[in-house]
Amino acid sequence: KEKAYEAVNNYQNYIDNYSKTESLEKYWSRTGKTLKFIRRNPSGVGKSQGVEHWVPPSEGKLRSSNWTDILVLNAISNDLGLSFPSPKNENLLSQIFIMGGDECATILDYFAGSGTTGHAVINLNREDGGKRKYILVEMGDHFDTVLKPRLEKVVFSQDWKDGKPVPKAPVKLKQKIHHNETVECDGNGNELTLSFDVGLDSQTLEKNEDFKIENPFNGVSHCFKYMRLESYEDTLNNLVMPEHDTAATAMPPSLKEDYMLHYLLDTETRDSLLNMRDFSIPFGGYRLNVKEPDSDASVSTAVDLIETFHYLIGLRVEQYYRIQSYSASFKRAVDPELPDNGAGQRTRLEFDGRPELDDKEKWRFQKIEGKIPANPLSPNDGQTKNVLILWRTLTGDLEQDNLMLDWYLGDTINLNEKRAEYDIIYVNGSNTLGADRKETDSYQVRLIEEEFLKKMWSGEEY
């Protein structure tokens with residue numbers, strides 16, 4: 001009601017003060033294109049009794065409910081050379097996305113099928129320079145044979161025929177031109193600005209000389225990430241039951257069933273689903289048995305522990321740093337302030353020379369920086385915590401591993417001066433990182449394994 005009265009007053013203000021000098025459209029544009037206007041036409045009849053709402057000008061046009069301009073093409077089979085029954089119509093989806101009006105929209109398709117939604121988004125962004133994103137969900141086995149290849153093909157080339165990319169033909173110049181001069185080209189009468197920065201060797205191009213287009217397939221710079229989620233069957237395949245359980249053997253059948261479901265599956269099999277020992281090799285060392293499609297066979301498959309952990313804690317990644325590997329030599333130095341080790345020795349481990357970068361060595365580190373929601377139950381409220389995550393390989397020698405950790409944090413990333421930048425520091429493997437933490441320090445040090453286990457089995461949804 002209040003907005004309607006405001007719109008009525010807006011129109012009356014225009015009539016009284018501005019209608020003689022400028023049109024309503026110009027007045028609306030000059031005042032910021034936000035005012036709404038309502039008027040009553042005295043000659044109006046019907047239910048509205050002449051009440052009219054002014055519709056601002058728009059570059060687009062209203063669509064009717066009868067869409068007759070949607071091309072019915074099976075581009076996925078005829079052009080891309082892929083096979084899929086009843087794919088969505090790319091032209092139809094493009095029109096729907098255009099009607100949405102937001103060139104930075106994120107479009108979610110829970111039933112991705114052959115990937116038409118992604119195809120339409122990529123082509124729309126190619127045409128109008130938009131920043132739309134897509135999220136596709138698909139459980140079918142055709143992901144590897146249809147959906148993923150389709151997106152790869154559409155990124156590489158805009159046009160395809162019989163499974164092959166179709167390049168744009170070279171243009172033939174109608175006249176001699178000079179550097180950066182705009183001329184009309186043969187073909188469709190389009191104008192083309194030539195620049196010697198794209199590889200022209202001479203100062204001029206002669207009449208009727210072919211100019212090859214720099215990006216003949218109209219490919220785009222694009223990146224998409226895909227993840228395979230563990231299925232229910234994969235979880236069951238990785239359960240390892242205890243071989244001998246005398247307690248279960250002596251139970252009556254009804255109690256035994258309850259014990260199996262509520263204790264054995266929940267507690268005794270946890271290590272087979274999340275083995276903490278495998279966290280010592282986080283870079284591809286963790287594996288699960290994954291069921292192969294249309295088969296009862298399973299294959300050992302590497303699991304991305306790092307990415308999984310990011311999702312568990314709700315991390316918004318800001319910076320990935322490349323994995324660095326180091327070699328090191330050690331020696332023991334006498335330190336009388338240390339306790340006796342039981343053999344009459346008081347020594348500490350130290351480096352015998354500085355650690356050196358070596359891609360083949362066993363001490364590997366990767367750090368990741370980002371933010372997590374301060375309140376996981378309202379992750380988009382703008383409140384965040386700064387996070388440093390440090391993954392490393394563990395050799396089994398705790399003393400050497402932690403000496404390498406202290407050196408890496410102090411010598412390579414200067415953590416002593418940067419600690420104040422972080423609210424939480426995550427590290428895998430037992431460590432002494434928080435031993436020198438002062439009461440005035442605001443950061444926390446957390447063990448990745450403990451946080452992983454807590455989040456995985458918490459039953460909470462974020």
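Is Asp162 buried or exposed? Asp162 counts as exposed, because its relative accessibility is 58% and the cut-off for exposed is over 50%. The model is predicted.

**The chain as a whole**
- The chain has 462 residues, and 31% of them count as buried.
- It contains 14 helices and 23 strands.
- Its accessible surface comes to about 30100 Å². Carbon and sulfur atoms account for 50% of that surface.
- Take the contacts between residues at least 6 apart in sequence: 60% of them join residues at least 24 apart.

**Two residues with positive phi**
- Asp162 is not a glycine, yet its phi is positive, near 55°.
- Asp162 sits in the loop between strands β5 (160–161) and β6 (164–165).
- Ser86 is not a glycine either, and its phi is also positive, at about 55°.
- The loop that holds Ser86 runs between helices α3 (75–78) and α4 (90–100).
- Ser86 counts as exposed because its relative accessibility is 72%.

**A buried lysine**
- Lys153 belongs to helix α6, which spans residues 147–156.
- Lys153 is buried, but it has no salt bridge.
- The nearest side chain of opposite charge is that of Glu152, 8.6 Å away.
- Leaving out residues up to four places away in sequence, Lys153 touches Leu80, Leu82, Trp160 and Gly163.

Definitions and conventions. Residues numbered from 1 in each chain as written. Predicted model: local features only at pLDDT ≥ 70, side-chain atom pairs only at ≥ 80, totals over all residues. Heavy atoms only, no water. Helix = DSSP H or I, 4+ residues; strand = E, 2+ residues; numbered from the N terminus. Buried < 20%, exposed > 50% of the residue type's maximum accessible area, 1.4 Å probe, protein only. Lys, Arg positive; Asp, Glu negative; His and termini not counted. Salt bridge = Lys/Arg side-chain N within 4 Å of Asp/Glu carboxyl O. Contact = heavy atoms within 4.5 Å. Areas by Shrake-Rupley, 256 points an atom, 1.4 Å probe, with all protein chains shown as cover.
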